[in-house]
Structures are given as structure tokens and as C-alpha cells.
Amino acid sequence: CSGEIMSTNTKPALVDYRKLFAATRDKTWGIPLRLSERKLLLAAIDLGILNGALLITLTLRGEAALTDLLLLRGYSLVWFITLNILWMAVGAIFDIYNLAKAASAIHSLWATVCTALITTTSYLLIPYITPSLPASRFEALALVAMVAAGISVWRVLYASLLVQPAFQQRALIIGAGCAGAALVRSIKEMSSPRGNPYNGTGYQLIGFIDDDPGKLDTHVEGVPVIGTHHDIRQFVKEFHPDEIIIAITCTQDINPDLFQAILDCHEMGVPITTMAALYERLTGKVPVEQAGQDLAIVLPTKERDIERVYHLARRLVDIGVGAIGCLVLAFVTPLVWLGNRLFSPGPVFYSQNRIGYRGRTFRIVKYRSMVTDAEQRSGAVWATKNDPRITPMGRFLRLSRLDEIPQLLNVLKGDMSLIGPRPERPEFVNQLAREIPYYRARHAVKPGLTGWAQVKYRYGASVNDALIKLQYDLYYIKNQSLFLDIQIILKTIKVVLLFKGQ
């Protein structure tokens, strides 16, 4: 990887980049918001408006005294909890806490208004754990209208005001090599369709620091290389960065002067982070290509206290869902058989070797979605969009993800889990392992019916697609949790309902 920080005995002339930030925030009043703070702020005010609307509605209906509602007495606690859980679940499906979408008023309005309408309508129709259905249509519409209008106004304010430079994190990047370039690309990919290219993330990039004389006064991914390690302390005083990002893949090659300058910045109160850590927070992916031999970037290194309990609970859920899936399978299979009989006679099921947990081979079971003997002449090839081998019934099965239902038998047997990396064919695993670093690391967990890569990225049909999906898979392996599993399930529901399978 070229472009690492290199030692040099000559001090390049300091470049004046003051004009680049003539319109940046006034440090006397600016409030830089971090990624987590932005998401927390969005959620806090959303829930405040949501619960405020319910409180007003219940007070006007005379369900209980205002003091009882405020103190959550009686049934009111369950009412508010139900509404909040429903909002977060529907919001996860519509991805309303995606910062790039939240920075665009149009995208944010569409997602949050849909969330508000579905949440409040569903809430009004749920019995027992919500207030009784209003006697009049006006009362029912009041809750829906207050939530939709209140959150719409708030989201427009956020997209108009809180993406301005005064509320952005100003960052200085050390290292203008491939790691730094990859970070800038990831930030730009999260950007809002209009306006500041970094407003989706809340980052404003001051520039790169790099000791390669050939890069000074050039641009990397549109960001200027403004100086060397000699200038870091001066730039900290000049531009007041809120964060310094270390984008160097071979940290052992950092020269001592640069290392000391970084420590001095830390002593001056500037937070220091690494490219890998920020890349994960921004994208939900692990930067495999920039990891080198740093296992801490790619593999989980922290021991979690409840890890055994978590995996036991997952297995119990797998068994329960697998058992229910067998009943669904018995109901759906005759319908699939009839569809195949009409459009493409042949076997209902299709089995194939896949690589699973710890590299073991197992037979995966699916509903057949392609013509019989689809690979008799071509051999093992990736399926593509609008693949001519897919039957009419198979296209419906793939779009709705119904072709995956028989894999619940694999889940019940223990070959697979509900959530995990998708199992790949041995022929492709051998090829991809040669071309992509850490590819076999995805076999550290059981493969799944659905996964983080499946809900975040399109169907893979190339080596580059496999690389991107591996980055998502390794992120999931590093960050497995009940909360992440719930997110994946909710996003999978969206894929199924909107027929986004392939």
C-alpha cells in the first residue's frame, strides 16, 4: 500500500489553507456533534414528539388525570412503552437513523412520515396493551397528525440547521495513502445528495498530513494534502480540529517525531482515533484491504461476559423458529410444486454443497428456482440479475426470499443459524480465499438465512461484491449482539415485503 507516512529530513514550506475554511464555524459558538451524538439527538427528539403527542391525545380524551399520565401510573406505562418499541421497530425498517438520509430533508421526510403513519395506525389497532380505540375518527387522526407533523418539522430543521459547519466535526487526517483515501470515499458515500459533501456524517475534513514530498499541495479524493508532521501542532492551533484520524496501515513504521506530535495533540485535548475504528462506525464494515496483519482490526478481540448466554439463546431461538418453519414448509411446498409444474417441471427442492462453520461442508436445501441442470454446461457460476436460467416461479421465490424457507431444516439441524454470513459454494470459497484477504474468517460463525451483508448490500455476483460483503460479514462477527440481530431481522422483513430479493 503506497502513500504511508515516511521520514524526511527536509521541512516542506508551509502551505496557507486559511481560505479553504473562511466560511467555517466560529469556534466561540460552534457545537460539533459526533456520530453517536447525532443519532442520540435524532432519537431523543423523535421520541419526545411521539410521547408528547400521545400524552396530549390521552389528556384530551380524559383517559386519566394528567398527573397520573406524567407519573406513568396505571396502564399508562405499558401504553408509552408499546408506542416507543413500535416506533423503533418500524424506524429500523425505514432506516430513519441513517445520518446521510437524515441530512436530506426529502429523504428524511419520506422515511419518517412513513414511519409515523405506520406506527400510529398500528398502535391504534393493537388491543389490550394500548388505549382503547377512540370513539371518534377525529381523535384517532389527531394522534397521527401530531406525530407526523411534529416529526416532519423537526427533521426539516435538522436537515437545514444541524448539518451546517457550526455543528460538524472538523478532522485532520494523518496519512494520505490508500487507507486515508478509502476513509474519504466512505465519508463521501454517506453524503447527502445536496449541499456539503460531508454533511451526512457531520464531518468536515481539513486536509491530509503526509511526509511524502510528492503529495504535498495535491489532492487525494478531493481533500488537500496540506503539510507534514512538522506542521501538525501549528495546524491544531490554526484550525482547531475536533478530531485527528490516524490513517496509516503500518503503524510500526510511524517515525518517532510524528508519534510524538500525535501525543502532543492528545495532550492539547484533541481526540485521536484510527481510520479502522471510524470506518466501522461510518459504514458498518471492516476495512479488510487496509488491515494488513493487524488482527485487532478484523477479528473480535474482546471477551464478552455474556457471550455464552448469547450463543445459547441464539441456538434456542434457532430450534424454535426451525420447528415452526417445518410447519410453514409443509404448507408452502405444495404451492411451490404446483407453480413449478405449470412453468418448469422438475424437482421441487434443490440441494448443493456449501462451506459452513469452521470450514465444514454441508448440504444446503432450497426450493428450486432455476431450470433443471442449470450448470450442466457452464459449471459453477454466479447467478446474475435477470439470469435467464431462473424460472418464472423461481423469480417470484427469489424476490420474496421464499426459496430460502427449506433452509430452516439446516437451521434445525445446526448447520446454519437464522443470522450469519451466507454460506458460499466450495468452488467460489477457494477462488475468493486466494484473491481476498481474511475471506475464510467468515467461517468463524455459523452461516445464516439472513445477515448484515444481505440487508446492507445487493446480491453478490463478482469478486468485488464478495469483498464488500466480507467487510459487512466481519463487522457482524466482531459486533454480534441481540440489538444487531434485531436490526437485521427488521431489515430482512423490509426486503421480503418490498420484494427486494434476487
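Tutor: Two helices are in contact when heavy atoms lie within 4.5 Å, and helices are DSSP runs of H or I with at least four residues, strands being E runs of at least two, numbered from the N terminus. The model is predicted, so that local features need pLDDT of at least 70 and side-chain atom pairs count only at pLDDT 80 or more, while totals for chains, interfaces and linings use all residues. Residues are numbered from 1 along each chain as its sequence is written, and side-chain values use heavy atoms, with hydrogens and water left out.

Student: Which residues place helix 1 in contact with helix 6?

Tutor: On the side of helix 1 they are Arg-38, Leu-41, Leu-42, Ile-45, Asp-46, Ile-49, Leu-50, Ala-53, Leu-54, Ile-56, Thr-57 and Arg-61. Helix 6 answers with Glu-139, Leu-143, Met-146, Val-147, Gly-150, Ile-151, Trp-154, Arg-155 and Tyr-158. Sorted by class, this contact has 14 nonpolar, two polar and five charged residues. Here Ala, Val, Leu, Ile, Met, Phe, Trp, Tyr, Cys and Pro count as nonpolar, Asp, Glu, Lys and Arg as charged, and the others, Gly among them, as polar.

Student: What is the orientation of helix 1 relative to helix 6, parallel or antiparallel?

Tutor: Helix 1 (residues 35-61) and helix 6 (residues 137-161) pack at about 155 degrees, with their axes 9 Å apart. Helix 1 is therefore roughly antiparallel to helix 6, given that angles over 145 degrees count as roughly antiparallel, under 35 as roughly parallel, 65 to 115 as roughly perpendicular and the rest as oblique. The axes are lines fitted to C-alpha atoms over the stretch in contact, and the angles run from 0 to 180 degrees between N-to-C directions.

Student: Why are helix 1 and helix 3 called oblique?

Tutor: The axes of helix 1 and helix 3 (residues 76-94) cross at roughly 140 degrees and come within 11 Å. The pair is therefore oblique. Helix 1 passes helix 3 in a right-handed crossing. Asp-46, Leu-47, Leu-50, Asn-51, Leu-54, Leu-55 and Leu-58 of helix 1 touch Trp-79, Phe-80, Leu-83, Asn-84, Trp-87 and Met-88 of helix 3. This contact comprises ten nonpolar, two polar and one charged residue.

Student: What makes helix 8 roughly parallel to helix 9?

Tutor: The axes of helix 8 (residues 232-239) and helix 9 (residues 256-267) come within 9 Å and cross at roughly 25 degrees. Helix 8 is thus roughly parallel to helix 9. Ile-232, Arg-233 and Val-236 in helix 8 meet Leu-258, Gln-260, Ala-261, Asp-264 and Cys-265 in helix 9.

Student: What is the volume of the largest cavity, and which residues lie nearest its centre?

Tutor: The volume of the largest cavity is about 50 Å³. Ten residues line this cavity, and Leu-54, Thr-57, Arg-61, Leu-124 and Leu-143 lie nearest its centre. Helix 1, helix 5 (105-125) and helix 6 each give two or more residues to the lining, with the largest share, four residues, coming from helix 1. A cavity is a set of points on a 1 Å grid over the protein atoms alone where a 1.4 Å probe fits but cannot get out; a pocket is an open set with protein on both sides within 12 Å along at least five of seven lines, and lining residues have an atom within 4 Å of a point.

Student: What is the volume of the second largest pocket?

Tutor: The second largest pocket has a volume of about 480 Å³, a volume being the space filled by probe spheres set on grid points joined across faces, edges and corners. Its lining has eleven nonpolar, four polar and two charged residues.

Conventions. A crossing is left-handed if the near helix is turned anticlockwise from the far one by less than a right angle, and right-handed if clockwise.
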